[in-house]
Amino acid sequence: MSPTIYLANADVRKVARLARLAMSETEIEAARAQLAGIFELIAEMQAVNTQNIAPMSHAQDVSQRLREDVVTETDQRELFQTIAPQVEAGLYLVPQVIE
Amino acid sequence: MLDSSLQQLGSALRARKISSVELTQLYLDRIAALNPALNAYITNNAEASLAQARAADMLLSEGKAHPLTGIPVAQKDIFCAKGWRTTCGSKMLENFIAPYDAHVIKQFNNAGAVNLGKTNMDEFAMGSSNETSYFGAVKNPWDQKAVPGGSSGGSACAVAARLCAAATGTDTGGSIRQPAALCGVSGLKPTYGVVSRYGMIAFASSLDQAGPMARSAEDLAMMLNVMAGFDERDSTSLQRDKEDYARDLEKPLNGLRIGLPKEFFAGGLSNDVAQAVETAIAEYRKLGATIVEITLPNSRLSVPVYYVLAPAEASSNLSRFDGVRYGYRAPEYSDLTDMYEKSRAQGFGAEVKRRIMIGTYVLSHGYYDAYYLQAQKIRRLIAQDFTEAYKQCDVIMGPTSPSTAFKFGEKGDDPVQMYLSDIYTIAVNLAGLPGMSIPCGFGSDNMPVGLQIIGNYFDEARMLNVAHQYQLATDWHSRAPQGL
Amino acid sequence: MTWEIVIGLEVHAQLSTSSKIFCGASTAFGAEPNTQADAVSIALPGVLPVLNKGAVERAIKFGLAVGAHIAPRSVFARKNYFYPDLPKGYQISQFDLPVVGNGQLTIHVPASGKTAAYEKTVRITRAHLEEDAGKSLHEDFHGMTGIDLNRAGTPLLEIVSEPDMRSAAEAVAYAKALHTLVQWIGICDGNMQEGSFRCDANVSVRRPGSPLGTRREVKNLNSFRFLEQAINYEVQWQVNTLESGGAIQQATVLFDPDKGETRMMRTKEEAHDYRYFPDPDLLPLDISEEWKKQVRATLPELPHVKQARYVKEFGLSAYDASILTASREMANFFETVLAAVPGDVKMCANWIMGEVNAQLNRDGLEMTQCPISAQQLGGILQRIADNTISNSGAKEVFRTMWAEGGEADTIIEAKGLKQVSDSGAIEALVDEIIAANADKVAEYRSGKDKLFGFFVGLAMKASQGKANPAQLNEILKQKLAG
């Protein structure tokens, strides 16, 4: 049950990649040390017996409220795109996407 | 005027003894003088504030005033306010002009309140000292070498230093209560779902809750009356009848059962804080309350549980900051992935990145059950502890923070030490309960100490009553930092 | 030794709501880029999702239509990955607890070569609600890609089948049956060109009786033809690989319709780690028995039920019934025409499957675009039934109506197509013919029966084709008998 606390630089690199955070090798090494400390703190949880305990995702036991299927929003493209890094012809521009 | 309660300010405004423009200008001048040192605000916009003040004066002269009409309120820079720069304390949003109003902002606008400015905060509300703000740390007005607490440090400082009449904050793991305690002001985190999260930049969605920060429980009640209420744009907003949170303020406390969790008075608590809190409890006995010892056996796990759940939610919530539609984009990049990675690496500060990394890790394949699911299960155990406890008491009390405000840099580079400073506040967020902090004395360092009051679900009116009665009997809440 | 093909399909059906699944922006197709991308669609900081009741209703409808389990409580989860057309950096979908589970769909696989047509039941594992992504436009913007988020947040129902299909033909039959069904129950417009109905196919091969082989997922097949081509190509590729001693690696591949080939997108090792977790912004979705009952009441008679009824009640062949229930429009058309001439089932069926379908095909039109309404056609058939016009007259009315519009009676009048059913007039006409052709009459009466047709032809000609054929036959027979 208990996952290893040992964290390798490769694990940190993989996580940084998943999270889309550029990190130099020195940053990865520093992050590894800090994360290891945090995971040690977190590891305290592992000893707790939680059999038959339902996970709690929400503070209240309430069910989802539903919205009527009605269009309520109007076009605000101009306003929204004034804060965009790069737009053209109403489109957000990003470096070429290759599939 | 600066020490007046919201009630008094409202009366003065309605009696036209002072105009909202004059009052707003008074605060703006004070901000201009003190903010360079205290750094409580990230953004002020005198023109926008005064325009709102003029509109409020119109309403006041037409006799259409709401209790808060014309009163200058500081808004934590986590709330989107249309036309206002909204940074969330981050370089990522340094130039982000919000194109819409958060529900909370809308509520204040509808009440005719004046937005006095956007207060400084830990970046994306991640921090307990305000040191993670991209815009520099806020100073504690009681001692500028000490931290104001976080993440709502700017709001706490602004209230304490009389840089606003009242302020808003948000609390994910103690971000209203802890800075309120460290700056000697009152702050309330309502029951999860009472205040809409729409337009409040998300940190950990299942824990985030906005609330008021002010100089008294009475002021908090007036603020909460504006902030609380159902909002159809937030699925987690609760559909409940509108209530007047001030309705019970004057009730006597005879027969009130106060639960003291033994875990909150164990090791790790500083003597200064322990003493002040015990003195406060003694005061409550005098007011007619009885004391019950209770236990919250799983509360010791709240820090580890929180540091799994909050970063997990945050890692996902912060994925939208990708440099595509708004926010920071790195000036140079080789391709799409490089653009993402550089924009996020340069736009986010160290603590935010650290939490994104933790969250990404605990959610990733192979670790989900051991970390995330286990944390959610313990979360339920923690919530059940409170349910048990409330069979024996009406409110729970204890310290808000283990110590008074620590000095800048004191916690060093070890994030774990910083995380442990929220040990008494986090369980409340995990359970979704309402919690508040009120000033209850000073430590040997002459820094304020906060008393935490935790209520049962939807018990805000009773908590405010409990706090107000104490504030009638003591004057800790009306002390102001000197020599600013 | 032969190979067995194993196919499972994942179909994404865009639900036909007016607004998006988690916000009030319009879902209309073809708007100017990003004009339907509201604060939630572009994921501004601080915005939150609220679930669209119409989307849930459509999911329930689908579940009921395939006899599935409707989860009393289902949960929305976040699927995390970075892509420019995914503004939040995660897609809201369902993972552990989908809204629909365990259904099935009966498909008709048409005859091909030596194999006769057959029926088969495909199990549906689950169907879940999720949001669509935006679109990346790869036209050249100075070497950059343009992002349009109008489609982001459009509700999708992802329908996942069990790996029950054993040929491309079965996969296509299943996809077509699903395509018919979602339109039939009114939850999806089925427009494949606009991407309203998209298929991914999980394909593997194995030796019969062996455990399942390693599958490759073929993405984004937006026509039935591509689905068939892609599966056939993929199967051949896998068989060739295995037979030449290679192994199949689990992977996602894209079908290139221009080359008719599949090409690798990513292998399992490169697969995303989606970090699914329950979306804290959305609460569990509860569906009551009461709500299910209400939705069930709005469900139309389903295609397979209708088909069975046509066979049983109307005595139609299974084939005819399947054609007449190919779409809800077709079935409605048939039933409306039949209402005009109750009882004349065969005539209605023949006209629709014959004249109407032939004309539609010739003009390249869909049933919904048919220029003749069911009422109009019913008008023609009524005039056949009451002997006002002959069959050939009716065809002329039909052709005119198709080209120029108008009602049957007006066209019959204008063209003078009314049959002569006055027995006196026909008798007079027949008498005249008998008198003028005494030699042929004698031959007929001496046993040359074949001459009957000759007399019919003369009489028809004399009546300018308007004599009621049945009546004419009768009278002619009598008179010739002498």
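Student: How many salt bridges does the rule find across the interface of chain B and chain A?
Tutor: In this predicted model, the rule finds 3 salt bridges across that interface.

Student: Which residue of chain B forms a salt bridge with Glu73(A)?
Tutor: The partner is Arg233(B), and the closest N and O atoms of the pair lie 3.3 Å apart.

Student: And how many residue pairs are in polar contact there?
Tutor: Between chain B and chain A there are 19 such residue pairs, with both residues at pLDDT 80 or more.

Student: Which elements of chain B give two or more residues to the side that touches chain A?
Tutor: They are α9 (302-317), α10 (336-347), α11 (350-363), α12 (369-389), α13 (415-419) and α14 (426-431) of chain B. The element that gives the most is α12(B), with 13 residues.

Student: How many residues are in contact overall, and what area do the two chains bury?
Tutor: On the chain B side 73 residues are in contact with 51 residues of chain A. The two chains bury about 5300 Å² between them, and 67% of this is on carbon and sulfur atoms. The size of an interface is often given as the accessible area lost when the parts come together.

Student: Let us move to Ser155(B). Is Ser155(B) buried or exposed?
Tutor: Ser155(B) has a relative accessible area of 0%, which is under 20%, so Ser155(B) counts as buried. Its place is in helix α5 (residues 153-160) of chain B.

Student: What does Ser155(B) touch, leaving out residues up to four places away in sequence?
Tutor: Ser155(B) touches Lys76(B), Thr119(B), Asn120(B), Ala167(B), Thr168(B) and Met213(B).

Student: And where is Ala40(B) relative to Ser155(B)?
Tutor: The two residues are 115 residues apart in sequence, while their C-alpha atoms are 6.8 Å apart in space.

Student: Now chain C. What is the order of the strands in the open sheet?
Tutor: The sheet has 9 strands in the order β3-β7-β8-β11-β1-β12-β13-β14-β15, and the pairing is mixed. Its edge strands are β3 (69-70) and β15 (261-267) of chain C, each of which pairs on one side only.

Student: In which sense do β14(C) and β15(C) pair, parallel or antiparallel?
Tutor: Strand β14 (residues 251-256) of chain C and β15(C) pair in the antiparallel sense, over 6 bridges. Within β15(C), Arg266(C) is the bridge partner of Thr252(C).

Student: Which strands does helix α1 of chain C lie across?
Tutor: Helix α1 (residues 53-65) lies across β3, β7 (100-109), β8 (118-131) and β11 (155-161) of chain C. The helix runs at about 160 degrees to β8(C).

Conventions: Residues are numbered from 1 along each chain as its sequence is written. Chains are lettered from A and ligands numbered from 1 in the order in which they are written. This is a predicted model: local features need pLDDT of at least 70, side-chain atom pairs count only at pLDDT 80 or more; totals for chains, interfaces and linings use all residues. Side-chain values use heavy atoms; hydrogens and water are left out. Two strands pair if DSSP finds at least two bridges between them. Helices (H or I, at least four residues) and strands (E, at least two) are DSSP runs, numbered from the N terminus. Contact means heavy atoms within 4.5 Å. Axes are lines fitted to C-alpha atoms, for helices over the stretch in contact, and angles run from 0 to 180 degrees between N-to-C directions. Buried means under 20% relative accessible area, exposed over 50%, partly exposed in between (1.4 Å probe, protein chains only). Buried area is the accessible area (1.4 Å probe) that two parts lose on being put together, summed over both. A salt bridge is a side-chain nitrogen of Lys or Arg within 4 Å of a carboxyl oxygen of Asp or Glu. A polar contact is a pair of N or O atoms within 3.5 Å; within protein, one must be able to donate a hydrogen and the other to accept it, and residues adjacent in sequence count only if both atoms are side-chain atoms.
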